[in-house]
Amino acid sequence: MSQVAESSHAPTSTGIDHKKLIMWLFLASDCMFFGTLISTHLIYRKLYPTGFTDAEGHQHFVQRLFDIELTSFSTFILLMSSFLMALAVSAMHKGQIKSFRRNVLGVIIFGLIFLGCQVYEFTHFYHMGLTIQNSVFGSTFYVLTGTHGTHVAIGVLWLILLYFYSFTGKLGGHVGALDVEVAGLYWHFVDIVWIIIFTVVYLIEYLGPNGFWGTGLPIAK
Amino acid sequence: MSHDTHHAPVASKLDLAPERSDLGLLRPDRSTGLMDWLTTVDHKKIGILYGAFAMFFFLLGGVEALAIRTQLARPDNDFVTARMYNQLFTMHGTTMIFLGVMPLSAAFFNFLVPLQIGARDVAFPRLNAFSLWTFVAGSFVLNASWLFEFGHLAGWFKDFAWYKSLVYTDFAPANGWFSYAPLSGTFGQADAALHAPRFTGVGTDFWIIGIQILGVASLAASFNFICTIVNMRAKGMTMMRLPVFTWMTLVTSFLIILAFPAITVALIQLMFDRQFGANFFNPSAGGQPILWQHLFWIFGHPEVYILVLPAMGIVSEILPTFSGKSLFGYPIIVFSGAVIGFLGFAVWSHHMFTTGLGAVPTAAFALLTMAIAVPTGVKIFNWLGTIWGGRIRFTPPMVLALGFIWMFMCGGFSGVMHSSAPADSQQQDSYFVIAHFHYVLLGGVLLGLMAGLYFWFPKIFGRMPKASVAYVASGMVILGFNLAFGPMHYLGLAGMPRRTHTYHAGNGWETWNFVATIGAFILGIGVFLAFANLVWTAFKGEKCASDPWDGRTLEWSLPSPVPEYNFARSPIISARDAYIEHKHGGHKIGYENDGGEAGVHMPSQSWMPMLASFGFLIIGMGMPMMAMSVPHAGWMVIAGVGILFTGIWLWALEGPGGYMLKTPTGSASPSPVSATTSTH
């Protein structure tokens, strides 16, 4: 009776819950958001293929800056966190709260590992001489990957809150499963965005001897 | 379940026992007066608040416009300084677009959409309150720049170290509403404090964070409205039976959620340039200022349709009502609106014809711009088809709606002139462009919104605005508007440049500038009169019947003012224009067996949305103060983020709550036709 009365769970015209629909709409908007950031990065990579110059005037090539093994590892971790998230959502739908907690804790830990790798990467690049101030590449790289990192951090915070909320006994039933599923949608989206960023920001720098963008210099023999 | 409604149904929220939320805090459900307005989640009250703020900012933006026109009334005038002039035209544009037109459209969305689709509220009532208060926070941040500017002019700050260190002292934004880089950005190398030298003062920082906050408000509102329209339609209210205004709200909301991310990112980039020494638009470090123009107009051109589509929706409701005919070509009107929405994303570079895009992109954007005139023209022909052969009643809303068609067409014609790139390069940055977009935005949008205000005001307050005053005001607005902006076509073609604080005598511009200033004052008085009439009516006006115009859509089937639960019983729809069909046609509105003694579900009121918005206010005030190097301003920003997250967290934890409100059983069906129809 009261379930029907609750405004966000009254039968909807489409049969889709309001919360799920609004999350899909938010993700549509977020697509444009990341699209704009990624475009900015790609435009400037094409314009300035030579990388950046540090404070001492040394020229750096992006390919030699990146540590692709580390980034591949953190990408793998993030992908696996999506797998655990799917398990957590499934557990919640079946009402298995303990299984939900286990899996969501895994997502949180994997998310934190990813963020740790990003913090390490940022510090490492900073010591290599790449700052947000010394080049356009630094600006677009840090702001794009940093914005993605912020999305991951918000997701981790959200899941931590859900995790502890589950101990109050109030997370359950259709509403609880929906709340977890909506968080899952967000998490998967942030993961998919990372796959795109990993491809167009990192991987294509390794296409060919001088990367996809070239170096602006004669091709190395 | 903690979300259960504990109460037995009550006849009024004042009968509720005090209830605590899941957090143990007392819910403000029983509040009255000011507390009620601050914590309300009722879409009608939120709509009224949006409308009140919007009308205030319309008048403020109007005062700024009149200051501009006073300065330009005669050559070599010194009514304001060049510096003040820049701030005036920037704040005029920003205020009118973001604090005037958009919130006034949002007021209509809020008030009308649930009523028109047969719903009792929006999908997320508390999110709706959050949109409102976040808009208020953003508008406060933008206009706080004026307070700093007046403090600067009055010399209040001269003993402070941060003030002495400022290079530029334009405290109100002074870049124009588009804030083109590199003028709005930085140049050279950042110092140790990560600040690169800038071309403009802290006004730009107020503008950046203010627009960012307003964007959050618009995005949240749009997610909510799409959800509401798609998901909360009454039984039988199929998409192709939706009132056109609701359709245009849907298209506008999609435009907002897809266009605003571009400006959000652009603002983040500009903010990083100015406050953290990044190089997105810094030309000395390889940044490309043209990127700002692209990102801005990818947002900015859909924004034009975000402004105009709601007005088109309003006019599409008014013309059929006062012509006594159904809307001519409903599916085509809806389809044209959607096409305008799609094409609106593909024409942004026509704002940039003179930047040297190259022949192919210029030709492509010119063609697409011409193409977008087609669905717009289709709409105009459909409106003409609607009034053709109708029994026209020249009520104030109808006069304003007809004014909309006429003035908007004039703006449309000069718009097609701009779509031709060679012609556009002659008109760029001249008063011709000012004339064009004021015909679209003022002659079009403002007349449309005013028509809507006069049309729905009796529904909102149950009182009828004085028609005599409304006719005089409408006449003054239309006459003054044409006197003010008609001559600008000529001035522009005669070479008078935009955004220049004065001009010398002898260019042949004196007469028409003087005429334009006279027109602007007539227009200003007209708008003030129209608004004053409404405010007076809200409190003292003559009470009127619930359906004074012989309305066509569901909202007219409700009592005026509309009760807080909207529909005592949920309607079941079997035709487009449901209510006129109910009154005069063969399709009666059915009613579900809900409500009555069992009550309808009402959402609980809440302080949390406002608390979260307050966080935005603190962030918004802190960021520009950080840019001014005011001590500890950084902590203010961090505190603001903390308040924002705390607000959202408590909002989630308090639970949606809600209570059951009894509805009168007698009002299950609309009142008899004869009692409500004052005309015919």
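Axes here are lines fitted to C-alpha atoms, for helices over the stretch in contact, and angles run from 0 to 180 degrees between N-to-C directions. Helices are DSSP runs of H or I with at least four residues, numbered from the N terminus.

This is a predicted model, where local features need pLDDT of at least 70 and side-chain atom pairs count only at pLDDT 80 or more, while totals for chains, interfaces and linings use all residues. Residues are numbered from 1 along each chain as its sequence is written, chains are lettered from A and ligands numbered from 1 in the order in which they are written, and side-chain values use heavy atoms, without hydrogens and water.

I start with chain B, where helix α2 (residues 43-71) packs on helix α4 (residues 125-154) at an angle of about 15°, the axes being 10 Å apart. That makes α2(B) roughly parallel to α4(B) (angles under 35 degrees count as such).

Now, the core. Which residues touch the most other members of the largest nonpolar core? They are B:Phe98, B:Trp383 and B:Met628, out of 267 residues. Such a core is a set of buried Ala, Val, Leu, Ile, Met, Phe, Trp, Tyr and Cys residues joined through side-chain atoms within 4.5 Å, buried being under 20% relative accessible area (1.4 Å probe, protein chains only). Helix α3 (residues 82-117) of chain B gives the largest share, 21 residues.

Definitions and conventions: Helices (H or I, at least four residues) and strands (E, at least two) are DSSP runs, numbered from the N terminus. Angles under 35 degrees count as roughly parallel, over 145 as roughly antiparallel, 65 to 115 as roughly perpendicular and the rest as oblique. Buried means under 20% relative accessible area, exposed over 50%, partly exposed in between (1.4 Å probe, protein chains only).
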